[in-house]
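Please read it alongside the sequence and the 3D view.

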Amino acid sequence: FNSKVVAGMCLVSGTSQGLYARATPHPNKLVLTSHDHRGNRVGPEELSMDPKELLRVANSGSHFAYIAGVAYQVAIRYHVQGLVLDNYKTDLPLKKGLSSSAAACVLAARAFNRIYDLKLSARGEMDLAYHGEITTPSQCGRMDQCCAFGARPVLMRFDGDKLDCEELTLKEPLYIVIVELAGHKDTVEILQQLNRAYPVAATPVEEGV
């Protein structure tokens, strides 16, 4: 605990891009297919809905680790069967800092929610997606899951484990400019370094964070 760390807030807005999928129930398997923004296909891949198997895949950091992480959280919280999830189209660029991993987790949470009528709100889907993502090696924060609200601005307030989300109404259009720098990033490494700065910084650089 560090009393010098005050409550934080941020303004988040989704874009018009995203992941599109069809979902149907399956008696005992998680069957996954994905297409990235370039049209490359992965799958179908079949996984058991056994929590130990889902946790193993989530921890592996493999292509479907995020979906497996969410499925693991669903399996240990709810009485559900399996799911066929076909991500047939993606126009959100991957690995470009646009929360594509969070979008995949929200997609999985929403699919389970709708197929099995879990009666989760958008906030509930966000929470399920967050816990699914941190089941993987990616130790993300809670901000990215705000994509669950879609292409609308949301004011998020953070205070320890408490999170508040307030949907905003704009009087004027909000324009977002996205620039492709053709760079490379390691999200897992970035998050590990950010998390090292909290709650107590050990270096001047971490104090700046």
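Is Arg77 buried, partly exposed or exposed, judged by its relative accessibility? Arg77 counts as partly exposed, at 36% relative accessibility, where buried means under 20% relative accessible area, exposed over 50% and partly exposed in between, with a 1.4 Å probe and protein chains only.

The model is predicted, so that local features need pLDDT of at least 70 and side-chain atom pairs count only at pLDDT 80 or more, while totals for chains, interfaces and linings use all residues. Residues are numbered from 1 along each chain as its sequence is written, and side-chain values use heavy atoms, with hydrogens and water left out.

A search of the whole structure finds 7 salt bridges, a salt bridge being a side-chain nitrogen of Lys or Arg within 4 Å of a carboxyl oxygen of Asp or Glu. Among them are the following pairs.

| Salt bridge | Closest N and O atoms |
|---|---|
| Arg56 and Glu53 | 2.8 Å |
| Arg77 and Asp127 | 3.6 Å |
| Arg152 and Glu167 | 2.7 Å |

Arg77 in helix α2 (residues 65-77) and Asp127 in helix α4 (residues 122-133) link distant parts of the chain, 50 residues apart; helices (H or I, at least four residues) and strands (E, at least two) are DSSP runs, numbered from the N terminus. Asp127 is partly exposed, with a relative accessible area of 26%.

Arg152 lies in the loop between α4 and β6 (153-159) and Glu167 in strand β7 (residues 162-167), so this pair ties together parts that are 15 residues apart in sequence. Arg152 is partly exposed at 40% relative accessibility, and Glu167 is partly exposed at 42%.

Arg56 and Glu53 are 3 residues apart in helix α1 (residues 51-60), and therefore separated by about one helical turn.
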